[in-house]
Amino acid sequence: MQLTDYIRKRREKKNILLMTHLVLGYPSFEVNRQVIRQMVENGVDLIELQIPFSEPMADGPMILKANQESIEAGTTVKDCLEFAAEVTAAYDIPFLFMTYYNILFKYGVEDFFKKAVAIGIKGFIVPDLPPEEGAGFLQLAGKYEIAPILIYAPTSTDERMRELAGHARGFIYCVARRGVTGKQTDFDKDFNLYMSRCRQATNLPLAVGFGISNKEDVDFLTGQADIAVIGTRTIRLIDEHGAAAVGPFIAGLK
Amino acid sequence: MTTKGYYGNWGGAFIPEVLHETFKQLNLAFEQAKGDPTFWQEYKELMSTYSCRPTPLTCADNLSDHFGGGRIYIKREDLNHTGAHKANNVMGQGLLVKRMGKKRVIAETGAGQHGVATATMAAKFGLACTIYMGEEDVMRQRPNVFWMEKMGATVVPVTSGSKTLKDAINEAFRDWVSSMDDTHYVMGTVCGPHPFPEMVAWFQSIIGLEARKQIINGFGKLPARVYACVGGGSNAMGIFQGFMDDKDVELVGVEAGGHGLESGEHAARLAGIDSSAGVAQGYKTMFLQNDDGQMRDTHSVAAGLDYVGVSPILTDLWEKGRVRFESATDKEVMAALDLTMKKEGIIPALESSHAFVQAFKEAGDLATDQALIINMSGRGDKDIFTIAHAFNDPSWKEFIRKKGEEYATD
């Protein structure tokens, strides 16, 4: 599949890839635009575009606030799709949609896939759609060749990981710890064991997210994961220091 | 039920991966409890000694005569310990928690009745307890916040979103995804991911089982209609289950009409036309949401009915035509509450008063040899601030003013 190929090819040149995340329309599409440019210019390899949802159950306070303020400011799904089309045309790296299932469901799941293909989106991350509920979604992902990114958690058993691997494409998103986004993660011995369990369960590339906020974290993951995911940290950075702070921050992670 | 956890097109378990094993374990514990007759025995024993089950079925003679139609019976869940039907579910889940060996419970609460019941259960069973409650509900249900804290629970006001029940549910899930190893989430209603709708409905079925026997003993035959208010739907599911197979008994769910269905400020999912199918908070049902799938703000004078979703079991029964849905406005609710207090000396909660409204509208349509049952899901004492405010009661206001002055000098 093309997303996996891209990751493998890129990994030949880099020890670890960076995936960043942003909430569309927060604080504004204009800031999103500036941030994405800086991310790409500083070598980010993949970008997750979160379409805001009013009930982001898996997200911590920072991303929750970003979701709500974006919606309050009037962001619609249509705005998000238009913006995504703009950035996929402008930059030559893969963009993924992250959102909750209701956004797809209300849009019409197959229509949403068709639209995403037209825009050039490479994968979907839908944290509240386990494969047990997602048979139709997974089938459409195959049909439209958009990678359904499934999630491993430290609570997933070996058996469960193998089962998920059977449905996943692109890469696996390994949640570094229990809890929601935005808290620090302890990278300890338990984590190393968890990563080796992830590695054994699948041949797909592994991305690690939740609580990754600095160069030390990225260095720690190098050799264990293929992709480090930076989420809440950049949103906080932009809140505190503005969009211009993103470029130097990303450059400093390598 | 076709697939596990589905009721027709509704229900399911849309849960993040991190909770997969937790739900597996919970499903197992629940299935074992259901298959074990001693569990239900233990549950009934607990509810008859720690609480007041069976709760009475009161014949409201004065109200019946006032409307001059069918005999009005009131199922008195207000006399359950902690003052509402919520305790039925909570004590049942408490027994499950003991079996699973967890040490802490968390819960969401709207009106605060589920929070109080959970804090009570935690105190009795020696569990740590955290309650998530929308900031708006903390303000309008202050007496319940006080009792929860006095019983040792931590009450966390939720400031995100609409600051009501749905936001409290989100926060409880956010706690659970980190704490699941030692913590059980005591979901308060027949919503959320499977097995919660089925589990809560099972514990609440005790209301209907009792009511069916009581009406046959007291009135000699089945009622023509049964009325219950519907927020998430747990008290309604509780009483309806007793009459589900009695095809001649009409089941009526009453939702929060707020300022009226046309105002857009209400919480009528099934009685109105503003809702559509969606997936949120772990399950699929009819939600009050916009075209993008963003949840809308809801309104009701009753915090416990002020919710965007509704039980998937009830949505299925609505779709199949087994349950009829109506709505009652804030204004109608105050009038029904006033009449019930004056005629019967009974103070229903603002939530329960919605069921009274619809029953009063229809009582005159029934013949005198017919009966109807209103499920009085809880007592109104908790609503003293809201009710006193709505009645614009001068002596109450004077009392609050004096108290305020007294505390101001502290």
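**Domains, sheets and packing**

In chain B, 34 residues of domain 1 are in contact with 38 residues of domain 2, contact meaning that the C-beta atoms of two residues, placed from the backbone, lie within 7 Å. Before going on, the model is predicted: local features need pLDDT of at least 70, side-chain atom pairs count only at pLDDT 80 or more, and totals for chains, interfaces and linings use all residues. Residues are numbered from 1 along each chain as its sequence is written, while chains are lettered from A and ligands numbered from 1 in the order in which they are written.

Back to chain B. Domain 1 covers 12-48 + 85-196, and domain 2 covers 53-83 + 205-389; these bounds come from an automatic or database domain assignment. Taken over C-alpha atoms, the centres of the two domains are 23 Å apart. On the domain 1 side of their contact, at least two residues each come from α2, α4, α5 (113-125), α6 (135-140), α7 (142-150) and α8 of chain B. Element names follow DSSP runs, numbered from the N terminus: helices are H or I of at least four residues, and strands are E of at least two. By class, that side has 14 nonpolar, 15 polar and 5 charged residues. Here Ala, Val, Leu, Ile, Met, Phe, Trp, Tyr, Cys and Pro count as nonpolar, Asp, Glu, Lys and Arg as charged, and the others, Gly among them, as polar.

The axes of α2(B) (residues 37-49) and α4(B) (residues 86-100) come within 10 Å and cross at roughly 130°. Axes are lines fitted to C-alpha atoms, for helices over the stretch in contact, and angles run from 0 to 180 degrees between N-to-C directions. The pair is therefore oblique; under 35 degrees would be roughly parallel, over 145 roughly antiparallel, 65 to 115 roughly perpendicular, and the rest is oblique. From α2(B) the contact uses B:F39, B:E42, B:Y43, B:L46 and B:M47, and from α4(B) it uses B:N88, B:M91, B:G92 and B:L95. Those residues divide into 6 nonpolar, 2 polar and 1 charged.

Next, the open sheet of chain B. Its 6 strands run in the order β3-β4-β14-β9-β10-β13, with mixed pairing; two strands pair if DSSP finds at least two bridges between them. Which strands stand at the edges? They are β3 (57-59) and β13 (323-329) of chain B, each with a single partner strand, so one side of each has no neighbour in the sheet. From one strand to the next the twist averages 25°. Within the sheet, β4(B) (residues 71-76) and β14(B) (residues 371-376) pair in the parallel sense over 6 bridges, and B:R71 stands opposite B:A371. Helix α12(B) (residues 330-344) lies across β10 (250-258) and β13 of chain B, at about 90° to β13(B).

Chain A has a barrel. There, 8 strands close in the order β1-β2-β3-β4-β5-β6-β7-β8, with parallel pairing, and the twist averages 30° from one strand to the next. One of the pairs is β4(A) (residues 123-125) with β5(A) (residues 147-152), parallel over 3 bridges. The bridge partner of A:F124 in β5(A) is A:P148. Helix α11(A) (residues 232-241) lies across β1 (17-23) and β8 (227-230) of chain A, running at about 55° to β1(A).

That helix has another neighbour. Helix α3(A) (residues 61-72) packs with α11(A) at an angle of about 65°, their axes 9 Å apart. In this contact, A:M62, A:I63 and A:A66 of α3(A) meet A:T232, A:I235 and A:R236 of α11(A). By class, the contact has 4 nonpolar, 1 polar and 1 charged residues.

Last, the two chains together. How many residues of chain B are in contact with chain A? There are 26, and they touch 32 residues of chain A. On the chain B side, α1 (20-34), α8 (165-179) and β11 (276-280) give two or more residues. The most come from α8(B), with 6 residues. That side of chain B has 10 nonpolar, 10 polar and 6 charged residues.
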